[in-house]
Amino acid sequence: MPSGPAPHFVGRERELGEMLEALDRARLAVPGLILVDGPQGIGKTALANHFVARAGEGLKVLRASGDEAEMTLPYGVLEQLTGIAASRVEPLAMGSTVLDLLGDLQELGPVVLVVDDVQWVDRLSLQALTFVLRRLRRDKVLTVLTTRDADSPWLPESLRRVLHDSGVCRLTLDGFGNGELDCLCGLLGLARPRPVAAERLLAHTRGNPLHTLALLEELPVQAINNMGSSLPAPRSYALLTLGQLARCGEPVRLLVQAVSVLGMSTSLRNAAALAEVADPLAAFDEAAAAGLLELQPGQTSSLLIGFPHPLVRATVYDDLGAGRRVLLHLRAAELVTSAHHRLVHRVAAAVGPDPQLAAELTEYARAEATNDLWSGAADHLLQAAYLSDTPAVRGRLLAETLGAFLLDGRIDEAKRVNDLIPADAEPAIRSYAAGHLAAVAGQVAEGESLLTEAWAGLDPAAHPVIAWRTAQQLAMLSLMQARGRDSAEWAGRALGIAADRPATDLTDFTRLTALCVCGAPDEALATTGNGLDYLLGRGLVRTCVDDLAGALEDLRGVVNACRNQSIPFQVLATAILGQAEFRAGQWDDALLHTGIAASLADDAEQAWIAPICHALAALVPAARGDWDQAEEHLLAGQKQLAHGGGVAARTHLAYSRAELAAAQSDHHGVLAALQPLLEFALHDIVHEPGVVIWHDLLADALIALGACDRAQVVLDRQQSLAAARNRVSVLTVVARSSGNLHAARHRSSAAESAFLAGMDHSARVEAPFVRAKLCLHYGAFLRRTGRRAAAVVQLRAAQAILTGLRAVPYLNRCEQELSAAGQPSGQRRDPRLGALTPQELAVTQLVIKGMTNRQVATKLVLSVKTIEYHLGNAYAKLDVTSRTGLTAKLAEMRLESVRSGP
């Protein structure tokens, strides 16, 4: 780290002051993010360097910079930043690893992350970095990012959202003023232009430090002061750099040219080998003295050298003749050891179509796709398309590129690629590309029409990758639109194509889920398969058919094993596990997993599944009376529907909205939430028993509002379907609502029979919340018919379950019924436990299970410092000082007891 401020840095005192204040806050465990943006040459890197120099001792500084030549290198920048090599790891897993590293480094003092030229950072590093930034809550970490454009379409949407958050310190740099120009001239020993000439110079360059400095150094002061002649255009670094290079000896020129071919920085050993210079150290010293090269930070067995500014490299590289450039790249391809860099150099050396190189790039890209490295796959497929020699091959490769861009979340780039597909490419290829784009954009009818048209014209043997993606998209599209049998058939077609697919491409999952939602779960469970994709599908089917123990076994195994799998797979697996845990009454775990799934879906821009994740994440807060948290998830899910969605997403959101209204005793709200579902003509997902269980909520609301005949129609239909499918959980809730319906019609005998039937059904499935509501309603019926003793038995049973679930609104109703029956509630509530936030409760739940802070951080996808912060707050609120004391206190207070009501 530099020992003091840079000698030629001037101005920016306001910006430096804000950065130093942010660092002071970071020292107090209030993490910060500083975004420095502005055009090339405005001084972003200089400001970051000067800040680090002024920051003082006791800091750990991690630095990295993007490189336009290495934007397709997986985790290239993150490896610079942390020293961790992870080309085959998913961004979320890599982000968790970085969080762990930051947690360790903070033990020695504050950590400053500096990433220059974010616009040139590889996409996997950006995704992992975004994941980290969103999870720094109580950490001694300050992040400084510099970029030309914070709104660049290259940046992931999730990172752009982070950069535009109100808590970000955004420093948009503008040009020099007269004061800074005077200071700069004094520091450099340059003659100061006259005031009027200085104003003209600054107006001419718009105060850009890079261009201003270039003119100050290239033009005599007399020329600047001569108001009778016009100033030349800023020549930037081009002439200056080439002039410096021309004055160097041949070994220096050869070395600098070699480095420009190898990138912004490289090892001296590699540069010397490519340049074929006998004394590379002497050549480097001369280049450094001329300001052409400099030593780079890094821990390797060889000296790292590089350019002081990207413009220097660009000038040298662009000045190479075409023949020299091709020769150097070909030699570099033989010199480097990485397959990735070999391909980079061979592509740079290509002078026209090269079918052999295109084929190698395609093979490399498909291997990346198999490992879910979609960013690199897309870029390499695009290069292969440019090197192909026929419109047919180019069109196919561009279509594959488009699909990879879409899977990587780069929709704007996918649209641009679609425009590049040749007009004379195969019609089926063009239909696939347009259909995939339409599907992602939420244009369901158009997408399905185009993809069906593409399938009709495709030869799977000739185009296996395009055919597989077409069938898979149609399978998922059909599923999201609640057409299960169609989805299963398309998934079967996709599975039958001999194409290299990602390890977890969700085709098995789609097939099993599709069979389940169209009323054929037995057929789904009868299919054989292996791997995480199959187990995920089986886990969801088991959830829907009430085999909750089997579902939890499958899904926990999948979630524990899928940390390095594709992002969509991780999101789905975590969400589906949370759904099963909600039904099984394991609400603390359900709250964790559905919340994590919703967060990951937002971070990874998985708009197609995010509404369902948020809908599931709202269920536990709604039932516990955490209205604000539930509402936040529902609004987030509704907002995501703007990206597409479909019947499945709308069904889940409507159900969760109805659960919230039901918990609030808002019968009109229940009807309003579920009304859209009554308008769907489709059966699958919407009305299939066990998939989304909402009909009892509708019936209860109708009964409460006096619409008993309508409730009867709803219940009769679900009763018939559930009996035919032997769906015990649905039979239980239908029996409960039927009991309420008969009671409202003053048919006591029929009501009693319905409630007792519900009890019989409930004994066959371990669904605590379903059982508790049944006992609550049955107890209320018994009290109202004068059988208080029997009522108290049912109400006490409901009370015990609801206490364990901490279902505050329902427990309050239960206690009201008990009070009306002449019984005290029997609950001992501690206000301190009710004072814990949901985050503090989640942390304490895991801590008393014996997890370390690091394990809790990994489970909740947060940093260790954030866990320490929440745990410290819980200690203070519960008046304990240790984990042992926490466990004893919660045992004493019966952690399973209910939190205070809202």
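**Notebook: sheets, salt bridges and a surface patch**

I began with helix α4 (residues 91-106), which lies across β2, β3 (111-116) and β4 (141-147) and runs at about 135 degrees to β3. I noted that helices (H or I, at least four residues) and strands (E, at least two) are DSSP runs, numbered from the N terminus. For angles, I used axes that are lines fitted to C-alpha atoms, for helices over the stretch in contact, and the angles run from 0 to 180 degrees between N-to-C directions.

I recorded that this is a predicted model, in which local features need pLDDT of at least 70 and side-chain atom pairs count only at pLDDT 80 or more, while totals for chains, interfaces and linings use all residues. Residues are numbered from 1 along each chain as its sequence is written, and side-chain values use heavy atoms, with hydrogens and water left out.

**Entry 1: the parallel sheet**

I asked in what order the strands of the open sheet of 5 strands stand. The order is β2-β3-β4-β1-β5, and the pairing is parallel. Two strands pair if DSSP finds at least two bridges between them. I found β2 (60-65) and β5 (169-172) at the edges; each has a single partner strand, so one side of each is left without a neighbour in the sheet. On average, neighbouring strands of this sheet are turned by 15 degrees against each other, direction ignored.

I then followed strand β1 (residues 32-37). It is joined to β5 by 4 bridges, and the two run parallel. Leu35 has Arg170 in β5 as its bridge partner, and Ile34 stands opposite Cys169 in β5. With β4, β1 pairs in the parallel sense over 6 bridges. There, Gly32 has Leu142 in β4 as its bridge partner.

Is β1 largely enclosed or open, I asked? Of its 6 residues, 5 are buried, so β1 is largely enclosed by the rest of the structure. Buried means under 20% relative accessible area, exposed means over 50%, and partly exposed lies in between (1.4 Å probe, protein chains only).

**Entry 2: the antiparallel sheet**

I turned to an open sheet of 3 strands, which has the order β6-β8-β7 with antiparallel pairing. Its edge strands are β6 (265-267) and β7, each of which pairs on one side only. Between β6 and strand β8 (residues 304-306) I found antiparallel pairing over 3 bridges. Ser267 stands opposite Leu304 in β8. Helix α13 (residues 268-275) packs on this sheet and touches β6 and β8. The direction of α13 makes about 85 degrees with that of β6.

I also looked up Leu295, which is found in strand β7 (residues 294-295). Leu281, Leu295 and Leu303 form a nonpolar patch on the surface, with about 280 Å² of accessible area together. Patches are made of residues with over 30% relative accessible area and no salt bridge; like charges are joined within 9 Å and nonpolar side chains (Val, Leu, Ile, Met, Phe, Trp, Tyr) within 5 Å. The accessible areas come from the Shrake-Rupley method with a 1.4 Å probe, and for residues only the protein chains shown count as cover.

**Entry 3: salt bridges**

Side chains of opposite charge can pair when their charged atoms come close. A salt bridge is a side-chain nitrogen of Lys or Arg within 4 Å of a carboxyl oxygen of Asp or Glu. By this rule, I noted a count of 28 salt bridges.

I examined the salt bridge of Asp116 with Arg63, whose closest N and O atoms are 3.3 Å apart. The pair links distant parts of the chain, with Asp116 in strand β3 and Arg63 in strand β2, 53 residues apart. Asp116 is buried, with a relative accessible area of 6%, whereas Arg63 counts as partly exposed at 29% relative accessibility.

Next I examined Glu688 and Arg725, which form a salt bridge with the closest N and O atoms 2.7 Å apart. Glu688 is in the loop between α36 (667-678) and α37 (695-704), Arg725 is in helix α38 (residues 708-725), and the two are 37 residues apart. Glu688 is buried at 2% relative accessible area, and Arg725 counts as partly exposed at 25%.

Salt bridges that share partners join Arg538, Arg542, Asp547 and Asp554 into one network. Within it, the side chains of Asp547 and Arg542 meet at 3.5 Å, N to O.

**Entry 4: a buried threonine**

Finally, I located Thr513 in helix α26 (residues 507-517). Thr513 is buried, with a relative accessible area of 7%. It touches Leu479 and Leu540, not counting residues up to four places away in sequence; contact means heavy atoms within 4.5 Å.
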